[in-house]
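This report describes selected features of one protein structure. The sequence and the structure are shown first, and the description follows.

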Amino acid sequence: MNPLETLGLALGAGFSSGLNLYATVATLGLLQRFGVLHLPPGLQILSHPWVLGIALALYLVEFFADKIPYFDTIWDAVHTFIRPPAAAILAYAAAGAASPEWRWGAALIAGGVALTSHGTKASARSAVNASPEPLSNWILSFGEDVLAVWLTWMATAHPLATIIIVATLVALSIFLLYHLFRFARRALQRLLTS
């Protein structure tokens, strides 16, 4: 892989890992397994039947956990300590042929991008959980899954486009996080003053 492909894979897999790590790993493994793409040597293990089976099983658990209001908040809180480090490991493995400083750089970037997407997802989900109907929670969950799978595929097929898309998504995430935190702060102030 050339540096552009590595960066595209690191950013795409990083962002999608922050949304749904297990869908990202399963998508990469399935694309490799069925010969749609050839992953870097450090990631080819993702197509092993055991790794695929575990990733798909955990994806199914997450699929249902994400649909249950408030439980999804607990799930996301626990995954704050899983998704960003896993994204960093994926990027480090993807950059296997690069020099150590580039591998560590890719890992740090992917971990940071995953933390940004995960933080935005968790914050948006907490805000949506305040609504009494479950439909918006389900729609958001399906959208996250589709975005994670699509972005993972994009990272492998169109790395330059993925870099641009992820940069845009990170900027949008920062914008959303800023406004979600302002909303939460105002709501907390109103609660404390009443």
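In this predicted model, the side chains of Lys121 and Glu62 form a salt bridge, with an N to O distance of 3.6 Å.

Asp66 is buried, its relative accessible area being 0%.

A further salt bridge connects Asp76 with Arg83, whose closest N and O atoms lie 3.1 Å apart. Asp76 is buried, with a relative accessible area of 1%, and Arg83 is buried as well, at 0%. Through shared partners, salt bridges join Glu62, Asp66, Asp72, Asp76, Arg83, Lys121, Arg125 and Glu144 into one network. The whole structure contains 10 salt bridges.

| Salt bridge | N to O distance |
|---|---|
| Lys121 and Glu62 | 3.6 Å |
| Asp76 and Arg83 | 3.1 Å |

Most residues other than glycine have a negative phi. Tyr70, by contrast, has a positive phi, near 75°. Is Tyr70 buried or exposed? With a relative accessible area of 52%, Tyr70 counts as exposed, because the threshold for that class is over 50%.

Attention now turns to the surface. Ile68, Phe71, Ile74, Val78, Phe81 and Ile82 make up a nonpolar surface patch of about 580 Å². One of these residues, Phe81, occupies the loop between α3 (71–79) and α4 (83–94). Phe81 is exposed, at a relative accessible area of 67%.

Rolling a probe the size of a water molecule over the atoms shows where empty space is left. The largest pocket has a volume of about 350 Å³. It is lined by 19 residues, of which Pro3, Thr6, Leu7, Ala95 and Ala98 are the closest to its centre. The elements that contribute two or more residues to this lining are α1 (3–33) and α5 (100–129). By class, the lining of the largest pocket comprises 14 nonpolar residues, four polar residues and one charged residue.

At least two lining residues of the second largest pocket come from each of α1, α5, α6 (135–157) and α7 (159–193). Which element supplies the largest share of this lining? That element is α7, with five residues. The lining of the second largest pocket divides into nine nonpolar, four polar and two charged residues.

Ala148 is part of helix α6 and is buried, at 0% relative accessibility. The C-alpha atom of Ala148 lies 4.3 Å from that of Ser16, although the two residues are 132 positions apart along the chain. Ala26, a residue of helix α1, is also classed as buried, at 4% relative accessibility. Between Ala26 and Ala93, the C-alpha to C-alpha distance is 16 Å, for a sequence separation of 67 residues.

Notes:
Residues numbered from 1 in each chain as written. Predicted model: local features only at pLDDT ≥ 70, side-chain atom pairs only at ≥ 80, totals over all residues. Heavy atoms only, no water. Patch = residues over 30% accessible without salt bridge, like charges linked within 9 Å, V, L, I, M, F, W, Y side chains within 5 Å. Areas by Shrake-Rupley, 256 points an atom, 1.4 Å probe, with all protein chains shown as cover. Salt bridge = Lys/Arg side-chain N within 4 Å of Asp/Glu carboxyl O. Helix = DSSP H or I, 4+ residues; strand = E, 2+ residues; numbered from the N terminus. Buried < 20%, exposed > 50% of the residue type's maximum accessible area, 1.4 Å probe, protein only. 1 Å grid on protein atoms, 1.4 Å probe; cavity = no way out; pocket = protein on both sides within 12 Å on 5 of 7 lines; lining within 4 Å. Points joined across faces, edges and corners; volume = space filled by probe spheres on them. Nonpolar A, V, L, I, M, F, W, Y, C, P; charged D, E, K, R; others polar.
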